[in-house]
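Here is a short briefing on one structure. Please look it over, then read the notes below.

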Amino acid sequence: MSPSILIVIPARYASTRLPGKPLVKIAGVEMIRRVADIAASICRHNENCRYVVATDDARIVSFCEGAGVPVVMTAETCRSGTERCWDAVCRQESRPDFIINLQGDNPLCPPWVIQELIDAWKSTPADVFTPCIHLDWSEYDRLVQAKQSTPFSGTTVLLDQAGYALAFSKNIIPAIRKPEKARELLEKSPVRRHVGLYAYTCHALEEYFRLPESDYERGCVEGLEQMRFLYNGLKIKMVETGYRGRKTTSGVDSPEDVARVEAILKEYGEYDLS
C-alpha cells in the first residue's frame with residue numbers, strides 16, 4: 001500500500017470578532033464546507049489520502065455529519081491549530097505517514113499549493129513542508145508598504161541552495177543594503193514570503209511537542225512556532241509556489257474578511273475542484 005496522507009482541518013467555533021466562524025456562509029456556502037471541499041478534491045487525486053475536520057464544538061460536529069464531511073471531536077484543551085491537528089491524528093485508527101494542517105478559516109487556499117506540498121514530500125527528504133512565494137519587485141514594494149502600518153504581519157524566509165529554510169522572520173529578510181543596485185542586477189527581489197500552510201511527516205509533528213521551545217518562537221520575539229523545528233535541527237523544505245494570477249487572502253477573522261473573500265470569488269470565480 002502507498003504511504004498514507006491525512007488532511008486535518010482544525011475548526012474552532014469560538015471567535016471574538018466572528019463568532020461561530022466555521023459555519024459563517026461565504027457566498028451562500030458555509031466556510032468549513034468550502035475548506036472541506038478543497039480537501040476532498042485533493043483526496044480524489046491522491047491515492048490513500050483522506051481528510052477530517054477537527055473541532056471541539058458539537059455544533060460543528062452536527063453540521064459536518066449532516067453534510068457528509070468526516071469530523072472528529074478533539075480536546076477542549078488544545079491551544080492551537082497545531083495541537084488540534086495532532087490530537088485529531090492521535091484519534092485515528094492508524095497513524096498517517098504525511099499530515100497536512102489545513103486551517104478551517106482558509107476558504108481560499110489554492111488546491112494546487114496543497115498538491116505541490118504532497119509532490120514535494122514524495123520526492124524530497126525533509127521533516128516539514130511549507131510554501132513560499134518568491135516576490136518580484138512590485139510584490140516586494142507592496143510588502144514594504146504594508147509593513148509600515150502592520151510591521152508584524154507577513155513572514156519572510158531565507159533558503160539554502162537546496163531550498164531548505166535557514167530562518168524565518170517577521171522582518172523582511174534578507175536586508176537589501178543597496179536597493180538600486182539590487183534592482184539592476186536581480187530580475188526578482190531576493191525576498192521570499194512564507195505562506196502559512198504546513199505539512200509534516202508524522203514523526204516530525206509528534207516530535208514538535210517533545211522538542212525544547214526556541215527563544216525565537218516566543219511571543220515577545222518573533223512568535224513563529226516553526227522556528228522550533230529549525231532550532232532543534234529538523235529540516236523544513238520550502239516549496240515555491242504562486243497564485244496563478246488570482247487574488248487571495250489569509251484567514252477569515254472578521255465580517256470584513258468575509259466581504260473580502262466574497263469579492264475575490266465574484267471577480268475570479270470558484271476554484272475548479274473537479
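Which residues form a nonpolar patch on the surface? Tyr 216, Val 221 and Tyr 231 do, with about 320 Å² of accessible area together. This is a predicted model: local features need pLDDT of at least 70, side-chain atom pairs count only at pLDDT 80 or more, and totals for chains, interfaces and linings use all residues. Residues are numbered from 1 along each chain as its sequence is written, and side-chain values use heavy atoms, with hydrogens and water left out.

**Surface patch**
- Like charges are joined within 9 Å, and nonpolar side chains (Val, Leu, Ile, Met, Phe, Trp, Tyr) within 5 Å.
- Accessible areas come from the Shrake-Rupley method with a 1.4 Å probe; for residues, only the protein chains shown count as cover.
- Tyr 216 sits in the loop between helix H7 (202-208) and helix H8 (227-231).
- Helices (H or I, at least four residues) and strands (E, at least two) are DSSP runs, numbered from the N terminus.
- Tyr 216 is partly exposed, at 44% relative accessible area; buried means under 20%, exposed over 50%, partly exposed in between (1.4 Å probe, protein chains only).

**Helix H9**
- The 14 residues of H9 (residues 255-268) should span 20 Å at 1.5 Å a residue, and the end C-alpha atoms are 20 Å apart, which agrees. The expected span is 1.5 Å times one less than the number of residues.
- Asp 257, Val 258, Val 261, Ile 264 and Leu 265 are the buried residues of H9. Seen down the axis, they fall within an arc of 125 degrees, so they line one face of the helix. The arc is that of the directions from the helix axis to the C-beta atoms.
- Exposed Lys 266 and Glu 267 are on the face of H9 turned away from its buried side.
- Cover for the buried residues includes strand E2 (25-26) and helix H1 (31-44).

**Helix H4**
- Gln 115 lies in H4 (residues 111-123) and is buried, at 18% relative accessible area.
- Beyond neighbours within four places in sequence, Gln 115 is in contact (heavy atoms within 4.5 Å) with Ile 42 and Asn 46.

**Backbone**
- Most residues other than glycine have a negative phi, and most peptide bonds are trans.
- The peptide bond from Ile 173 to Pro 174 is cis, with omega near 0 degrees.
- Asn 48 has a positive phi, near 60 degrees.
- Arg 244 has a positive phi, near 55 degrees, and is exposed at 60% relative accessibility.

Terms used:
Patch = residues over 30% accessible without salt bridge, like charges linked within 9 Å, V, L, I, M, F, W, Y side chains within 5 Å. Salt bridge = Lys/Arg side-chain N within 4 Å of Asp/Glu carboxyl O.
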